[in-house]
Amino acid sequence: MDIRFLGHAAFTLSDGDTTVLIDPFLTGNPKAAIAAEDVPATTILLTHGHGDHIGDTVAIAKRTGAQVVAIVELANELGEEGVDVRDPNLGGTVKFDWGWVKLVPAWHTSTTPKGTVNTPAGMLINFKDTIVYHLGDTCLFSDLQLVGKRHPIDYALMCIGGHYTMDRVDAIEAAALVGAKTVIPCHYNTFPPIETDAHQFKSDVESATGSDVVVLDPGQVHAA
Ligand code: NI
Ligand code: MN
């Protein structure tokens, strides 16, 4: 499986056949690695409805026919726009032929650009038996440790930019709580308020925890 960082909090997980697209904010994203018209998607996953996560979801879902997984209030808004949705709530699991997705808590706020209030989530993804945990937008909180206790994590996709989420120093403790084999940082350097040093985060996490950190530039791929 390839994990491709598309900039900000957007990633694809792909084996060349199936592509899971997460938080596709591409149009208006100064760090976007691909255009919304070109990105592949079999399934789209949304951690929450802020504009920098919902992004181009409706256009991509309509072009590709991808089903979208989002928490129920957000899924309802997308369903009204003609998108094929799955609408779990926190703790719910949605199954696919490639694996499953479970919504877990994230501490944040969220209202969509159209005004729908929705509860933010993290997404625990089983992609053909590799477990990927996209933390969504969150601050540091102790229940992060429950996710990895329940399902040992191969890859944690972790926000580190601060201001809107935890910063890279709080994220060291988050990495310790999650206990992933590998952490890939995101949600930094897209805009001035979230500029940070991902390579410092890497050396701090690798000295303080058992996790490895892989820093990807937008467009770069990690072969999982
Ligand atoms: Ni947000
Ligand atoms: Mn965000």
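Predicted model: local features only at pLDDT ≥ 70, side-chain atom pairs only at ≥ 80, totals over all residues.
Entry 1: I started with H5, residues 170-178, and H6, residues 198-208. Their axes lie 10 Å apart and the packing angle is about 40°. The crossing of H5 past H6 is right-handed.

**Entry 2: the contact.** I listed the residues that make the contact. H5 supplies Ala171, Ile172 and Ala175, and H6 supplies Phe201, Asp204, Val205 and Ala208. I sorted them by type and got six nonpolar, one charged and no polar.

**Entry 3: Ile172.** I then took one residue of H5, Ile172. Its relative accessible area is 17%, and the cut-off for buried is under 20%, so I put Ile172 down as buried. Beyond its neighbours within four places in sequence, Ile172 is in contact with Phe201, Asp204, Val205, Ala208 and Thr209. I also checked the C-alpha atoms of Ile172 and Phe201: they are separated by 7.2 Å, with the two residues 29 residues apart along the chain.

**Entry 4: the two sides of H6.** Which residues of H6 are buried? I found Ala198, Phe201 and Val205. They span an arc of only 50° around the axis and therefore sit on the same side of H6. Residues three or four places apart in an α-helix point the same way, because there are 3.6 residues a turn. On the face turned away from the buried side of H6 I found the exposed residues His199 and Ser207.

**Entry 5: the cover.** Last, I looked up what covers the buried residues of H6. The cover includes H5 and the strands S11 (155-159), S12 (182-186) and S13 (212-213).

Key:
Residues numbered from 1 in each chain as written. Chains lettered and ligands numbered in written order. Heavy atoms only, no water. Axes fitted to C-alpha atoms, helices over the stretch in contact; angles between N-to-C directions. Helix = DSSP H or I, 4+ residues; strand = E, 2+ residues; numbered from the N terminus. Left-handed = near helix turned anticlockwise from the far one by under 90°. Contact = heavy atoms within 4.5 Å. Nonpolar A, V, L, I, M, F, W, Y, C, P; charged D, E, K, R; others polar. Buried < 20%, exposed > 50% of the residue type's maximum accessible area, 1.4 Å probe, protein only. Arc of directions from axis to C-beta.
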